[in-house]
Structures are given as structure tokens and as C-alpha cells.
Amino acid sequence: MPIYLTLDTYSNKGASGIVDGDSGRRAAVEASHESVGAKVVDYFITRAQYDFCVIAEADSFEVIAALTLKARASGTVDNLFTLESVDVGKLRNVAKGVQY
């Protein structure tokens, strides 16, 4: 199953839930992913440009896109950025056929 890394920042609303200590962000992320057949592999609060990172498995990018749209619509996050992992072995096999 493909792996996706989503980097994001909390909005003021989302950050207040973290600061106030009454927010179960990881549980909410896991529940939303499970509702569409995806799985959270890990979830980290981070320092620097992004506030958190979600590493997830999903059948397709569309599943992850739907999750990120719902998260944006909730008003708790801003600036979502998703990376899709690449199987290097498959990449090399395709590259062998590239005419250059």
C-alpha cells in the first residue's frame, strides 16, 4: 500500500486545542483515516516550518486528498502539504526503458 507523508500547520483554532490540553489530535487523525480505509503509521508534533507530520498508508492519493480537504474544512489546520513515497525499485525498472 502506498505511503504518504503529510506536513501541516495548526490554525489558531487547532493550536488552542493543543495548548489547552483537551485535544486528542492523534486519535482524531487515526479515526478519520480509518473511516476511509487508510492507516496512520505515525504522527509527530514537529518544530520548524510545520507543526506536525502524519505518515499514513492509503490505497490511493485520492483517499489522502479527501482527508486533507476535510481537515482544511474543519478549520483546525492550514498549509497542508502531502508527499507520496516512491518505490525506488519500480522507479529504476521504469528508468531502464526511458529513451534518452
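Start by selecting Glu-30: with a relative accessible area of 26%, this residue is partly exposed. Keep in mind as you click around that you are looking at a predicted model.

Glu-30 and Arg-26 form a salt bridge, with 2.9 Å from N to O. Colour helix 2, residues 25-34, and you'll find both partners in it, 4 residues apart, or about one turn of the helix. Arg-26 is partly exposed too, at 33% relative accessibility.

Stay on Arg-26 and bring up Asp-42. Here's another salt bridge, this one at 3.3 Å, N to O. What does this pair tie together? Asp-42 sits in strand 2 and Arg-26 in helix 2, so the bridge joins parts that are 16 residues apart in sequence. Asp-42 has a relative accessible area of 26%, which puts it in the partly exposed class.

Select the three residues together. Arg-26, Glu-30 and Asp-42 make up a salt-bridge network. How many salt bridges does the structure hold? The count is 2.

Zoom in on Ile-64 and display its neighbours. Leaving out residues up to four places away in sequence, Ile-64 touches Tyr-4, Thr-6, His-33, Ala-56, Ala-58 and Thr-82.

Time to zoom out and switch to cartoon. Trace them from the N terminus and the order is β-α-α-β-β-α-β-α. Contacts between residues 24 or more positions apart make up 63% of those with a separation of 6 or more.

Finish with the surface view. The protein exposes about 6800 Å², and carbon and sulfur atoms supply 56% of that area. Of its 100 residues, 27% count as buried. If you colour by charge, look for 10 positive and 13 negative side chains; the centres of these two sets are 5 Å apart.

Technical notes. Residues numbered from 1 in each chain as written. Predicted model: local features only at pLDDT ≥ 70, side-chain atom pairs only at ≥ 80, totals over all residues. Heavy atoms only, no water. Contact = heavy atoms within 4.5 Å. Salt bridge = Lys/Arg side-chain N within 4 Å of Asp/Glu carboxyl O. Helix = DSSP H or I, 4+ residues; strand = E, 2+ residues; numbered from the N terminus. Buried < 20%, exposed > 50% of the residue type's maximum accessible area, 1.4 Å probe, protein only. Areas by Shrake-Rupley, 256 points an atom, 1.4 Å probe, with all protein chains shown as cover. Lys, Arg positive; Asp, Glu negative; His and termini not counted. Charge placed at Lys NZ, Arg CZ, Asp CG, Glu CD.
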